[in-house]
Amino acid sequence: MKKIPSISNEIDEDIIFKILNKNFSKIAPYWFELISSWIIRSYSVFQDIDKFIILIYFINKDLIFFRKNGLIVDYDTFYKDKSIEIPKINISDISTDLKIPKESVRRKLQELEKARIIQKNGKKIFLDRSAFITAKPKQTLNELSVLLNKFNKILVDEKITNKSFTIDEITASLKNNFSFCWYQFYKLLFIFTNRWRNNVADLETLAIGLVVLLNTVGNKSFKIKDLNRINWTKLAQGVDDVGVNAMSLSDITGIPRPTVVRKIKRLIEIDFLQINEKKLI
């Protein structure tokens with residue numbers, strides 16, 4: 001740090017919220033693409049998103065430790081010769097923090113141990129290194145950099161800043177400040193997924209719903225305009241001449257078709273999705 005930053009230069013959270021709300025149509029597709037891709041990749045690891053969420057929950061313990069102690073660890077160092085010792089597995093804490101029922105947490109931990117993702121050595125518990133590397137966010141880093149690049153351009157247009165950063169510059173910064181940035185990313189991710197669980201359903205259902213949403217807003221009939229969050233949502237809900245079938249949803253998400261059909265029914269019941277006479281969602 002070459003000079004102490006001025007407090008007056010701090011960006012107000014309320015201003016950021018207003019800008020996000022005002023420019024929602026510009027940023028939303030990149031945000032939903034990031035989350036959708038992350039969830040689909042999570043499912044592909046164990047064919048169970050909750051198991052992957054539990055895995056990164058343990059990895060996040062390291063990020064919390066670094067955060068509490070004012071340490072910033074770069075991307076390469078964080079993943080170099082890395083193994084994680086889990087001080088204690090508290091099923092109640094995992095259940096509360098991730099909004100997963102206790103019995104489900106218990107069962108999934110047993111399955112992870114059986115698959116040797118979680119290993120015990122005496123009284124110590126470790127995450128298998130191969131599982132740790134599996135959670136390495138290579139593609140997510142790229143997608144997050146694109147999202148932040150788009151948001152940076154909005155901030156420049158709104159005259160909040162005059163600094164523009166390329167996608168490569170943002171990626172480099174994320175990697176250099178990885179433990180800090182990924183602590184914030186996982187914090188946001190857990191809030192988002194927990195809110196979905198509380199209000200709607202499981203994360204496989206979310207994966208399916210997001211694919212349908214992205215199909216809708218990516219279609220030519222959905223004309224991108226400068227819309228705020230409320231108007232963008234209304235327009236997305238009003239598009240009824242595009243759709244995707246259950247087989248395509250299964251192919252994209254990797255979720256078996258019978259499961260996709262069952263979860264589509266749930267989303268239709270809560271008015272998240274509709275199905276037309278051609279069986280398109």
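pLDDT is the predictor's confidence in each residue, on a scale from 0 to 100. This briefing concerns a predicted model, in which local features need pLDDT of at least 70 and side-chain atom pairs count only at pLDDT 80 or more, while totals for chains, interfaces and linings use all residues. Residues are numbered from 1 along each chain as its sequence is written, and side-chain values use heavy atoms, with hydrogens and water left out.

**Confidence**
- The protein chain has an average pLDDT of 86, and 93% of the residues score at least 70.
- Where pLDDT is low, the predicted coordinates should not be read in detail.

**Sheet**
- Three strands form an open sheet in the order β1-β3-β2, with antiparallel pairing; two strands count as paired if DSSP finds at least two bridges between them.
- β1 and β2 are the edge strands, each pairing on one side only.
- From one strand to the next, the twist averages 35°, given that axes are lines fitted to C-alpha atoms (for helices over the stretch in contact) and angles run from 0 to 180 degrees between N-to-C directions.
- β1 and strand β3 (residues 124-127) run antiparallel and are joined by three bridges; I84 stands opposite L127 in β3.

**Second largest pocket**
- A pocket is an open set of points on a 1 Å grid over the protein atoms alone, where a 1.4 Å probe fits, with protein on both sides within 12 Å along at least five of seven lines; lining residues have an atom within 4 Å of a point.
- The volume of the second largest pocket is about 320 Å³, counted as the space filled by probe spheres set on points joined across faces, edges and corners.
- Its lining comprises 16 residues, and F58, K61, I86, P87 and K88 lie nearest the centre.
- Two or more lining residues come from each of α3 (49-68), β1 (84-86) and α5 (91-98), and α3 gives the most, with seven.
- The lining divides into nine nonpolar residues (Ala, Val, Leu, Ile, Met, Phe, Trp, Tyr, Cys and Pro), six charged (Asp, Glu, Lys and Arg) and one polar (the others, Gly among them).

- Q47, in the loop between α2 (24-46) and α3, has a positive phi of about 55° although it is not a glycine.
- Q47 is partly exposed at a relative accessible area of 48%, where buried means under 20%, exposed over 50% and partly exposed in between (1.4 Å probe, protein chains only).
- R116, in the loop between α6 (102-114) and β2 (118-121), has a positive phi near 65° and is exposed, with a relative accessible area of 52%.

Technical notes:
Helices (H or I, at least four residues) and strands (E, at least two) are DSSP runs, numbered from the N terminus.
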